[in-house]
Amino acid sequence: MPDPSYPEDLLYHPEHDWARLDPGNSEEATFGITWFAQDSLGEVVFFDPPKVGSTVTKDAAYTEIESVKAVSDVISPLSGEIVAVNDALADSPETINEDPYGEGWLVKVRLSDPGEQEALLDAAAYEATLS
Amino acid sequence: MLRTIGVASIEELFADIPSHLRLGGPLALDAGRSELEVYEELRALARRNTSTEDELCFLGAGMYDHYVPALIDSIISRSEFLTPYTPYQPEVSQGGLQAMFEYQTAICELTGLPVSNASVYEGPSAVAAAGYVAKLANGRGRFVVSRGVHPHSREALATLAHGWGVEVVEAPLQDGVTELPELGEDVSAVIVQQPNFLGAVEDLEALAGAAHDVGALCVAACDPLPLSLLRAPGACGVDVAVGEGQTLGNRLDFGGPSFGFFAATEALIRRVPGRIAGETVDLEGRRGFVLTLQTREQHIRREKATSNICTAQALNALAGVIYLSWLGRHGIVELTELMLQRTAYARERLAALPGVHALHDQPVVREFAVALDAPVADVIERCAAAGINPGYALGRDYPEYENGLLVAITEKRTRADIDRLADALGEAVTAQRSRDAHHVGAAG
Amino acid sequence: MTASAADDQLTIYERSKPGRRAFVAPALDVPEHPLDQLIPARLRRAETPHLPEVSEPEIVRHYNRLSKRNFDLDTGFYPLGSCTMKHNPKLHERVAALDGHARLHPLQDPRRAQGALELMFNLQTALAEIAGLPHVSLQPSAGSHGELAGVLLTRAFHEDHGESRTKVLTPDTAHGTNPATVTMAGYEVVKVGTDAEGNVDLDDLRAKATDDVACLMLTNPSTLGLFEHGIEEIAEIVHDVGATLYYDGANLNAIMGICRPGDMGFDIVHFNLHKSFTQPHGGGGPGAGPIAVAERIEPYLPRPQVIRRSPDSAHAGGAGTAFFDLDYDRPKSIGRLRGFQGNYGVFVRSYAYIRSLGAAGLRDVSEVAVLNANYLLAKLRAEGVMEHLPVAYDRICMHEFVLSGAPMKRDLKIRTLDLAKRLLDHGVHPPTVYFPLLVDEALLIEPTETETKETLDRFAQIIVEILREAADDPEVAQTAPHTTPVRRLDEAGAARRPVVRQAL
């Protein structure tokens, strides 16, 4: 994705991660990294997803993304249990660059404390942190 | 130049250094000398060393007196291989990178494992590096290391493992080969050597199987030439195969530089330390090679790196792949079979001498151990007087083999040489025994 | 992935033909036992390994042709910052090849290796003098290996004093081996910031220098090519909390004979013999990374140590002359880092270098290294290059300096990477790029002392040309290099689907 983009319907963590709450199920969310994160990393070459069933904690690193030039921790925006991982990224990790908010999603999580959302930023507030 | 910089003297360029830290006078070193004088000094120092040209050498124990073919010197002395840096700009380093790729392929063939790096420093530190990889891979806290692993490797592993909080436990030798204790699920890796330090061929499949039964990795430190005959470590289930590469086209150089090789299973590819050359294409679709998986390495991953290795042993690994190409697919087998037959002959001849016994009767390839009924140091001295270095005294590293001797055979040691060794050793042991008996008699 | 490989680019495997060979085995001169008798079939491989099958002329031609696709220091300017690409004197290969050095077995009896042990002892003495620290171990195989030794020595020192500390401090400008080493040694990395002048931020250091800190690892001059103004205060802060001060010797080329790390307060120093002491880089090694340490660290040095025994000691056997030996009797030693004694072949070359230059020569090396770097910086400035490639820290530099390609990226639309690739078309090796991390679009330039003024002037001209060209047509640099054996390579593809051996 060549141009910066920060969809309005997402919530953002200052460490460059997003959360999309499932509209039909307020206890589930999808996580990924923002345009800024994939741009800073450069071409993603490897993503080894965490195990389904493992726990994630808000503000803590839950996995890594590897590009040609760097390895970066991925910070969890919210806490919960991983219920699904994006296995398609094993064959095409570059999807994270091309479509960070769509096909480049990383994990789906059952939230343990939906109230944590209060601490996240909306698109405008997150973008403001980038300048 | 000073004018362009805008200073009056070179002195001013060092203004940042506090004056009291500046050296008041010259370093306490001799004045510099001409090339001729330096050459003479280095030659004089060389003359005070007894090299393998000066005596008949049966020393092994990790490094071996092989014939290094002339084409290796002529190729690796080329400026284009000798003087460049690590290939960070791959477009102007295709020579070095392709050579690394060819080397990696050869190591994969010998070890039977799908992934090899472009070299590490040498054998013993490669064993330590393999331990680190195992620890990172499964997070467990114990290594089981065979007493048959080279003493230097065991020591290097212990030195590093101390910092990781990993406990190192030794598996003893029984009849010359490894006897594993019962393994628990706290074992991170089982580490063995093939052939082991006493020259014996180990049953790698059984050892790897025992490791896997408790979910541990199996690391094998291997002598590369015997791998042309022995069942490949990968085929035996070994997860990481490392080893000392000196024997492949590199000089003895009093212990270095040489290179270490490091090969592993596909599952461990992202944990393998050191440089790895990978195949790719350029803008115009041409095949080319680059350093790849660089995020494993220190210069990108930094504290998450799988090792800290930066400079490795590229030139020595190049010598290694040239040597393997020179030996060739069939030549390496012929060379190893030659050593195998001569080693069998040597062991037979020595074990037949009075006062000399084979330490074990396991299959051996190019090295074997004997026990002497006489103080080994004295025997070695007597042999030295006859211009022969009969082998490595085992006592310091293996007190249980107080008068043990490790004897190495290479293609340079002919039957006539072995006969000379047998005669000299036989005489030395006999003379030493009678001298000791005489003294005992005299005292009694 | 598809690729078209010209004959020039075939691998040695692709040139192989069944039955071709170079090696001829000597005839079997001992009784032949059946293979099964010597090694049971179940322990033997079923198939011979797929090694190449080529003749000697083919091998020679193959590797000679490969060599021609390498840029090298003997051919052109190589201003790789932090690598010290100085000329490799050719005498060194000659002396290293002498049989007495090259064909000496590492386990030879010390009495029959006195030349080698004396050489090592003398090298240790010289390095100790250069570092200003009394004790040296030659064992580590490379700079990063020496760093590891330094951190392990620090650990041993603290443990011997009944302490177990958990952290090691490194500046955020540190070379990547520093934090990687710290982790390998079982410590936690804590980063210390850099101030606006490019020095270690003393306030940050004071805040982080707690008594849980084992060591501070520092390079001086720093990786920015700048001498640490506050080095003595740094040493005081670190020693006050009982930590050791470690010197990464990668930048030693700037200070030899001028000042010494030991005098600055460092406890442990490592040398890169393949940098300041001109062991040829070999395309990525071999090198060596000896360490020099203060008196209080000596007991923990690796085993064995090369020592000199007095003529009347028992070991010397009453020979009447000094006897050089390998000392294994070191109860507090950290142990071994590798086999045998270290990269002796490298010691021979470095020793020859030090003997050739002598005290005055080594000082000349550093003076001219610093002169050349400052001159090149001034020349680039005079040519107006700073508009697009400003120097990161406007101070007198030492043996290297850092430029930032950020303005160039913004105004001319070419990045440091593109500039580097375009330099290849001009027959020059690019400087180090994207290091140190602290500088955006960094370009770290180290000319070394063995380059002439003309070479430096020419390099400045090339930079000017590339910038001018980019202003006109950035695409040329963006798609560079154009004249090298291969064009720009797909590194992401190589990392995504790694192919690390030939399928045979």
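**Domain arrangement, strand pairing and interfaces in the predicted model**

The centres of domain 1 and domain 2 of chain B, taken over C-alpha atoms, are separated by 29 Å. The assignment for chain B places domain 1 at residues 70-322 and domain 2 at residues 329-435, domain bounds being those of an automatic or database domain assignment. The contact between them takes 13 residues from domain 1 of chain B and 17 residues from domain 2 of chain B, where two residues are in contact if their C-beta atoms, placed from the backbone, lie within 7 Å. On the side of domain 1 of chain B that touches domain 2 of chain B, nine residues are nonpolar, three polar and one charged; Ala, Val, Leu, Ile, Met, Phe, Trp, Tyr, Cys and Pro count as nonpolar, Asp, Glu, Lys and Arg as charged, and the others, Gly among them, as polar.

The model is predicted, and local features are reported at pLDDT of at least 70 and side-chain atom pairs at pLDDT 80 or more, whereas totals for chains, interfaces and linings use all residues. Residues are numbered from 1 along each chain as its sequence is written, while chains are lettered from A and ligands numbered from 1 in the order in which they are written.

Along the principal axes, the C-alpha atoms of chain B fill a box of roughly 90 × 60 × 45 Å. The secondary structure of chain B comprises twelve helices and 17 strands, these being DSSP runs numbered from the N terminus (helices H or I, at least four residues; strands E, at least two). Of the 444 residues in chain B, 64% are buried, a residue being buried if 20 or more other C-beta atoms lie within 10 Å of its own, exposed if 12 or fewer, and partly exposed in between, with C-beta atoms placed from the backbone. Among contacts in chain B between residues at least 6 apart in sequence, 72% join residues at least 24 apart.

Strand S3 of chain B (residues 142-146) is mostly covered, with four of its five residues buried. S3(B) runs parallel to strand S4 of chain B (residues 167-171), to which five bridges join it, and Val145(B) has Glu170(B) as its bridge partner in S4(B); strands are taken to pair if DSSP finds at least two bridges between them. From S3(B) the chain passes through helix H7 of chain B (residues 151-164) to S4(B) in a right-handed β-α-β crossover, that is, one in which, with the strands pointing away from the viewer, the path from the first strand over the helix to the second runs clockwise. S3(B) is also joined by four bridges to S7(B), again in parallel, and Val144(B) is partnered there by Val190(B).

In helix H8 of chain B (residues 204-213), the buried residues are Leu204(B), Leu207(B), Ala208(B), Ala210(B) and Ala211(B). These residues lie on the same side of H8(B) because they cover an arc of only 155 degrees around the axis, the arc being that of the directions from the helix axis to the C-beta atoms. Their cover includes strands S6 (177-178), S7 (187-194) and S8 (217-222) of chain B. Just after H8(B), Gly215(B) adopts a positive phi of about 75 degrees.

Between chains, the contact of chain C with chain B takes 172 residues from chain C and 161 residues from chain B. Helix H11 of chain C (residues 344-382) supplies the largest share of the chain C side, 23 residues.
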